Amino acid sequence: MLKRPIIMDVDTGVDDTLALLLVAGSDKLDLKAITTVFGNSSVEDTTKNTLKICELLKLDVPVAAGAYRPVIDPPIDYSIAPMVDIHGRDGLGNVGNRLPEPTKQVENMPAVDLMAKAVRESEEKVTIVATAPLTNIATFLMAYPDLRSKIECIALMGGAAFGGNMGFSVEANIGHDPDAAKIVFMSDVPKYMFSLDATMGCFITDDERQAIADNGGETGVWLKDCMQQYSDIYKALGGLPGAVLHDSLPVAWLLDESVVEFKHCYVDVELKGVKTRGCTVTDLANYTGKAPNTYVSMKADREKLINMHVEAVKKFK
């Protein structure tokens, strides 16, 4: 069976970890490389977390560190950033210290150069799965315009047609680097936006977390515990039954397109609004008359998504 070549661009926190579980548990994807960026934690922490998760999930692929800050905005002050409460001080639900220090080494090249290498060497077009701020992706598109034709699509977790989680109208991955997001959305590469409109329905209950523990041996138990604080906060602040697996949705779609329903429409990124900088302005009704440039997720099959995780973790029992 021909596997789909992908690159994962991550800011490895709790939900990135679950997305990588789906990759590790599938025989449909050919993971060419993983690149890291600031977001849920500093790029130093997200890179170390990624190396740890690669060893946990037996992902033997090159990892390269990328951007430590947005292209224009000031760097995030992680001493006060709310992400540390959601993902834990270590980015892994405060249980990262239960994993051994990684022996795997980061590549001696920037993230965008590893992306370029992987894309150039692939015989097939490559899908970029972005579950983080889009700084690396924008930089890659600007630095290597000759490789755009070898990108099948960009499947990005971010944005929202309605609402936000960084403000009332801004989603965090876009809001952490709106200028990079603007570059990506205005590019001619096909884009699939896995937005809060669909991902907020992708929660995992306590019983379902326990199923991951029951079916995944020590790895499953660690993953269950990794989600504990993440789950507690979603229950307390969001009134949801458990943690939301935002970053898993684009990977799940690559494995089974029926998991997500899309609407093809024009999406722009607001850069000037005082309270809306980073808003993904989504023209669902074709008010502007502009040609659609993005497939926007409107609904997801939560049960199917959770079952994918339970099946994936069985590989590690």
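Against which elements do the buried residues of α13 pack? They pack against α1 (14-24), β7 (203-204), α9 (206-215), α10 (217-226), α12 (248-255) and β11 (294-300). This is a predicted model, in which local features need pLDDT of at least 70 and side-chain atom pairs count only at pLDDT 80 or more, while totals for chains, interfaces and linings use all residues. Residues are numbered from 1 along each chain as its sequence is written, and side-chain values use heavy atoms, with hydrogens and water left out.

**Helix α13**
- Buried residues (under 20% relative accessible area, with a 1.4 Å probe and protein chains only) of α13 include Arg302, Leu305, Ile306 and Met308.

**Helix α7**
- Helix α7 (residues 178-185) is mostly covered, with 6 of its 8 residues buried.
- These are Pro178, Asp179, Ala180, Ala181, Val184 and Phe185.

**The largest pocket**
- The largest pocket has a volume of about 660 Å³.
- Its lining (residues with an atom within 4 Å of a grid point) has 31 residues, of which Met83, Ile86, Asn165, Met166 and Ala172 lie nearest the centre.
- Two or more lining residues come from each of α1, α3 (83-87), α6 (172-175) and α11 (228-238).
- Helix α11 gives the most, with 5 residues.
- By class, the lining has 15 nonpolar, 11 polar and 5 charged residues.

Key. Buried means under 20% relative accessible area, exposed over 50%, partly exposed in between (1.4 Å probe, protein chains only). Helices (H or I, at least four residues) and strands (E, at least two) are DSSP runs, numbered from the N terminus. Contact means heavy atoms within 4.5 Å. On a 1 Å grid over the protein atoms alone, a cavity is a set of points where a 1.4 Å probe fits but cannot get out, and a pocket is an open set with protein on both sides within 12 Å along at least five of seven lines; lining residues have an atom within 4 Å of a point. Grid points are joined across faces, edges and corners, and a volume is the space filled by probe spheres set on the points. Ala, Val, Leu, Ile, Met, Phe, Trp, Tyr, Cys and Pro count as nonpolar, Asp, Glu, Lys and Arg as charged, and the others, Gly among them, as polar.
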